Amino acid sequence: ATATLWSGRELRAGVRAEPALCWSGVLPLASAAVPFDAAVVPGSPSVRMLCRDASKPGRAATVDGGALWTAVSTPQLARAMAGSAEAGAGLRRREGPRADAAAAKLLSEEVSLLLAPFLGGEHLRPLSATATLWSDASAADSLHHPHECVSLPAWRLAIAGEFVKEAASPLEAAALSGLAAGEAVAAAL
């Protein structure tokens, strides 16, 4: 059997994808008071998901004297930043992920606003922050499959991802799909 390897450009030609900015920031240790490790933010025009890095297995509780947080922007914000003069031509020139200081500043402000209600109204300024633009971060549409994953029990295989079935957010779709795939494969064993 032979397999054909396709470049990312060839794969993207047949798949609709949405961009996203991925923000990584070290917040002061006061952010430990936030009562959640991760949150989907469906009402935000800027941030789609926010999570505390230390909640991931094997990750350090503190990094560079603070707590590392990650945020993923909405596609609308990513498109706006990629097209803005303030962000600069660097976001439009190169293929692949691109870092940008203007996007890091904007997302730092947005994350501060989102966390403030959980910190008694205090707005935390990151000790450091970066933002990277991913031009093809997530699927723009789903397969509209009736189940969270595509299960192939005879092969002990399940296909999972945010592209299989729609949910309130792509992150929720990916999580539900992954859980369903795990259950499907476990049931096939």
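Tutor: In this predicted model, the structure contains zero disulfides. For Cys-51 the reason is distance: the closest cysteine sulfur, that of Cys-22, is 8.5 Å away, too far for a bond, since a disulfide requires the two sulfur atoms to be within 2.5 Å. Cys-51 is also buried, at a relative accessible area of 8%.

Cys-149 is likewise buried, with a relative accessible area of 7%. Its place is the loop that links β6 (128-139) to β7 (150-152). Apart from neighbours within four places in sequence, Cys-149 is in contact with Ala-158, Ile-159, Val-164, Ser-177, Ala-180, Ala-181 and Ala-184. The C-alpha atom of Cys-149 is separated by 9.4 Å from that of Glu-162, a residue 13 positions away along the chain.

Strand β6 leads on to helix α4, whose buried residues pack against β6 and also against β1 (17-27), β3 (47-52), β4 (67-73) and α2 (75-83). Helix α4 comprises the 15 residues 101-115, and its first and last C-alpha atoms are 21 Å apart, close to the 21 Å expected at 1.5 Å a residue. Among the buried residues of α4 are Ala-103, Leu-107, Glu-110, Val-111 and Leu-115. As a general point, an α-helix has 3.6 residues a turn, so residues three or four places apart point the same way.

Ser-44 counts as buried, at 12% relative accessibility. A polar atom of the Ser-44 side chain lies 3.0 Å from the backbone nitrogen of Ser-46.

The aromatic residues complete the picture. Two aromatic pairs are found in the whole structure. In one, the ring centres of Phe-36 and Trp-69 are 6.3 Å apart and the planes meet at 85°, so the pair is edge-to-face. Because Phe-36 is in the loop between β1 and β2 while Trp-69 is in strand β4, this pair ties together parts 33 residues apart in sequence. Both partners are buried, Phe-36 at 18% relative accessible area and Trp-69 at 0%. Phe-36 also pairs edge-to-face with Phe-118, at 5.1 Å centre to centre and 85° between the planes. Phe-118 lies in the loop between α4 and β6, so this pair ties together parts 82 residues apart in sequence. Phe-118 is partly exposed, with a relative accessible area of 39%.

Definitions and conventions. Residues numbered from 1 in each chain as written. Predicted model: local features only at pLDDT ≥ 70, side-chain atom pairs only at ≥ 80, totals over all residues. Heavy atoms only, no water. Buried < 20%, exposed > 50% of the residue type's maximum accessible area, 1.4 Å probe, protein only. Helix = DSSP H or I, 4+ residues; strand = E, 2+ residues; numbered from the N terminus. Contact = heavy atoms within 4.5 Å. Expected span 1.5 Å × (residues − 1). Polar contact = N/O pair within 3.5 Å; in protein donor to acceptor, adjacent residues only side chain to side chain. Phe/Tyr/Trp six-rings, centres within 6.5 Å; stacked < 30°, edge-to-face > 60°.
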